[in-house]
Amino acid sequence: ALVPEKLLVSMAPHELCTVTAAADVPDDFKALATAWPLWDSKTHPQKPRGSGKFRFDYNGTYASERVLIMSGAATLKPTDGSPSFDIKAGDAVTFWNGFSCDWRVTKRMTKHYAYYSEDGKPEEEYETGIACDMCSADCFAESYLFEEMDICPTCFKKDEARFEGAEHQKEGEAVPAEQPQKKRKQKA
């Protein structure tokens, strides 16, 4: 596995985030990263919906999240008041545990990601995530489970009839089906 020190020769726009410019990303990191799950900003919850804006706190049980941005661009504004910075296609980014920022995706983004422990090894429980079995997009935030297949919202909407009866999920947990509201009779 690639050790974090290989990427630390890069720009550190924040003490808990390291960015390696696309031209400086080592080939062995690119090869490793393309095997990781693929995240798509289009399927990530945003406030307001479709705005490209969301807050993310890197506070899991992992020491770092490493990503390779495949397409798109975003501006990240650390919540501690540090200056904003941009990330874009081709960049490698390491988000260290404890980093928190407001994302503003300026061009739809896809990125491969993996979680690493303090000893520089991949975190076993995070290696697979939930990826769409149709297009490989990360769909942990929201998915549909159909006959042992995980389907992202985009692929589900393309062929809802095919996936009829699929279980709607958020973060791997079933979403209770909404019950239709009964109409009340008006008093005469």
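This is a predicted model: local features need pLDDT of at least 70, side-chain atom pairs count only at pLDDT 80 or more; totals for chains, interfaces and linings use all residues.
Residues are numbered from 1 along each chain as its sequence is written, and side-chain values use heavy atoms, with hydrogens and water left out.

**The chain as a whole**

The protein chain contains two helices and 12 strands; these are DSSP runs numbered from the N terminus, with helices (H or I) of at least four residues and strands (E) of at least two. Along the sequence, the pattern is β-β-α-β-β-β-β-β-β-β-β-α-β-β. Of the 188 residues, 41% count as buried, where buried means under 20% relative accessible area, exposed over 50%, and partly exposed in between (1.4 Å probe, protein chains only). Among contacts (heavy atoms within 4.5 Å) between residues at least 6 apart in sequence, 64% join residues at least 24 apart.

**The second largest pocket**

A pocket is an open set of points on a 1 Å grid over the protein atoms alone, with protein on both sides within 12 Å along at least five of seven lines; its lining residues have an atom within 4 Å of a point. The second largest pocket holds about 420 Å³ of space, a volume being the space filled by probe spheres set on the points, which are joined across faces, edges and corners. Its lining has 14 residues, and Lys42, Thr43, His44, Arg49 and Glu142 lie nearest the centre. Helix H2 (residues 153-158) gives the most to this lining, with three residues.

**A four-stranded sheet**

An open sheet has the strand order S10-S9-S11-S12, with antiparallel pairing. Its edge strands, S10 and S12 (173-174), each pair on one side only. Two strands pair if DSSP finds at least two bridges between them. Strand S9 (residues 143-146) is joined by three bridges to S11 (residues 167-170), and three bridges also join S9 to S10 (residues 149-151). S9 and S10 form a hairpin with two residues between them, and Glu147 in the turn has a positive phi of about 45 degrees.

The structure holds zero disulfides, a disulfide being a pair of cysteine sulfur atoms within 2.5 Å.

| Cysteine | Nearest cysteine sulfur | Distance |
|---|---|---|
| Cys101 | Cys17 | 7.3 Å |
| Cys152 | Cys155 | 3.7 Å |

Cys101 is buried, at 0% relative accessibility, and Cys152 is buried at 2%.

Gly98 lies in the loop between strand S7 (92-96) and strand S8 (100-116). This glycine is partly exposed, with a relative accessible area of 47%. Leaving aside residues up to four places away in sequence, Gly98 touches Leu16 and Tyr58. The C-alpha atoms of Gly98 and Cys17 are separated by 9.7 Å, although these residues are 81 residues apart along the chain.

Methods: On a 1 Å grid over the protein atoms alone, a cavity is a set of points where a 1.4 Å probe fits but cannot get out, and a pocket is an open set with protein on both sides within 12 Å along at least five of seven lines; lining residues have an atom within 4 Å of a point.
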